[in-house]
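Reader: Hey, can you walk me through this one? I'm new to reading models.
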Amino acid sequence: MASSPTILTVLALGLLALLCAVGPAAAQNCGCQPDFCCSQYGYCGQTSEYCGTGCRSGPCTGTGSGGSSGSGSGANVGNVVTDAFFNGIKNQAGSGCEGSNFYSRDAFLSAASASAYSGFAQGGSEDDGKREIAAFFAHATHETGHFCYISEINKDNAYCDSSYTQWPCAAGQKYYGRGPLQISWNYNYGPAGQSIGFDGLGNPDAVAQDAVIAFKAALWFWMNNVHGVMPQGFGATIRAINGALECNGNNPAQMNARVGYYKQYCQQFGVDPGSNLTC
């Protein structure tokens, strides 16, 4: 997921995806196929060696010090994401931002209520659920500049990787970042559109034209790549989203910005952010 305000980040992400992509969609570290886990060593698989301890993304089962991975009722998303919370983020963007009349709490809740995302903020304790909501909005805040940007600033790159033959790029279309998590590349737009119900390859602009679709695209990416690593701490979510560019000392300022938002939102929700906050 590229952060729209950072052109260098966008260019570096394109190089990274070309170098390490190995299947349709997913974690930027592994590029695993759907339903495959990215192991702690950066390999794709479905056994406990891949999905257990240290799993970076995908349907991870391992636990960490950031929370529990058991079955639980989690948090009531609508009660946690109040008007005051959502607008408190968006109002920092300024009225001149393209996203000020696009993103809304109602659009988010409509997307989150879809059965495909029923596991969002669920599976653990109420505090675990609140931490996941805080993490999602921390990344969305960072990626969009407090919901200012709908699309990337740099729209020159087509973000088309023709090696993904199952998700062929449509003529004239560009797959740059759009929406709350700035979903990018044909190999993400294709399966996201298939899951949500829009033509992700033929009409990627749908993510920038319909706020509910935009949030569904973000939640699609989240549930497939980030949700499973929440028990390992917030740092694991950074690694799942933009790890190769921000983790291991590559861009501590960007990483710490995400951590700052996460801690702020955890404080607002009255929960401890847990450990393992950085990557």
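Author: Here is a short chat about confidence, backbone angles and one tyrosine.
Author: This is a predicted model, where local features need pLDDT of at least 70, side-chain atom pairs count only at pLDDT 80 or more, and totals for chains, interfaces and linings use all residues. Residues are numbered from 1 along each chain as its sequence is written, and side-chain values use heavy atoms, with hydrogens and water left out.

Reader: What does the protein average in pLDDT?
Author: The average is 84, and 81% of the residues score at least 70. pLDDT is the predictor's confidence in each residue, from 0 to 100. Over residues 2-29 it is below 50, yet that stretch has 83 contacts in the model beyond near neighbours in sequence (contact means heavy atoms within 4.5 Å).

Reader: OK, angles now. What's the phi of Asn 248?
Author: Near 55°, which is positive, and this residue is not a glycine. Most residues other than glycine have a negative phi.

Reader: And where is Asn 248?
Author: In the loop between helix H10 (234-246) and helix H11 (252-269). Helices are DSSP runs of H or I, at least four residues, numbered from the N terminus.

Reader: Is Asn 248 buried or exposed?
Author: Asn 248 counts as exposed because its relative accessibility is 59%. Buried means under 20% relative accessible area, exposed over 50%, and partly exposed in between (1.4 Å probe, protein chains only).

Reader: New topic: where does Tyr 164 lie?
Author: Tyr 164 is in the loop between helix H6 (126-144) and helix H7 (186-196). At 4% relative accessibility, Tyr 164 is buried.

Reader: How far apart are Tyr 164 and Tyr 187?
Author: They are 23 residues apart in sequence, and 6.5 Å apart in space, C-alpha to C-alpha.

Key. Helices (H or I, at least four residues) and strands (E, at least two) are DSSP runs, numbered from the N terminus.
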